[in-house]
Amino acid sequence: MNKSKFRRLSLAALTAATLAVAGCATPFRADVARFQTQLPAPQGQSFTVEAGNPALAGGIEFGQYANLVAGELTRFGYRPAAPGERPDMVVRLGYDIDKGRERVRSTGFGDPWYGGYYGRGFYGPPVIVRGRGGRRFVYGYRDPFLWGGFGPGFGYNDIESYTVYTSGLDLQISRASDGYRLFEGRAEAQSRDNNLQTIVPNLVEAMFTGFPGNSGEKVRITVAPPEKG
């Protein structure tokens, strides 16, 4: 292949990569670890959702996130306890986000999946499943645009500084009668914004993807952006 033809092909590949990046929203990725002992199979058992941090109890914002958790549990076959009813299970919900850390990366173009699924990737090849409301969940997905750039390839090795925030969501389910712990889950994510109103719903969605999961297993889940209608 002569040099001029190679340059034309390289330019075409670079243009296609640029358009692909510009046209795609960044997926939300979370590491989810779940543990369970004797979480009962859903048969209409009642539950109530409480704040893991007492300071959040009664807050409007917490109430919105608690409703998301309640909706997911209801979808799996449990039910919110009626007013005045003693619940079968108590669900404690907590969430947090740090102050962020500065990172520096090269923004050179190359193969965006370099070192991805089968090399230095996470948790093996990608598996795509479709969830409620048309959302897509990708197991084993590696997002090079947040996690280390494109790798070697074309030049354009500009340096970019940005802030990465680490967020987390804790979910605990206990038997109401004696406080016996039935389920523990922790979802963690890193993102380039600290908007809890966006992050917490995504963490809830990741927590309940494949719920209750295999006890002691840690999985990486990507919540893809909603598809455009």
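This is a predicted model: local features need pLDDT of at least 70, side-chain atom pairs count only at pLDDT 80 or more; totals for chains, interfaces and linings use all residues.
Let me begin with a term: a residue is called buried when its relative accessible area is under 20%, exposed when that area is over 50%, and partly exposed in between.

In one, arginine 186 pairs with aspartate 96, with the closest N and O atoms 3.3 Å apart. That pair joins distant parts of the chain, since aspartate 96 lies in strand β4, residues 89-97, while arginine 186 lies in strand β9, residues 181-191, and the two are 90 residues apart. Aspartate 96 is likewise partly exposed, at 35% relative accessibility.

In the other, the side chain of arginine 186 meets that of glutamate 188, at 3.2 Å from N to O, and glutamate 188 is partly exposed at 34%. Taken together with Asp170, the residues Asp96, Arg186 and Glu188 are linked in a network of salt bridges.

Let me turn, finally, to a pair in a helix. Glutamate 72 and arginine 75 form a salt bridge with an N to O distance of 2.5 Å; they sit 3 residues apart in helix α2, residues 60-75, and so are separated by about one helical turn. The two partners fall into separate classes of accessibility, because glutamate 72 is buried, with a relative accessible area of 7%, whereas arginine 75 is partly exposed, at 41%.

Technical notes
Residues are numbered from 1 along each chain as its sequence is written. Side-chain values use heavy atoms; hydrogens and water are left out. A salt bridge is a side-chain nitrogen of Lys or Arg within 4 Å of a carboxyl oxygen of Asp or Glu. Helices (H or I, at least four residues) and strands (E, at least two) are DSSP runs, numbered from the N terminus. Buried means under 20% relative accessible area, exposed over 50%, partly exposed in between (1.4 Å probe, protein chains only).
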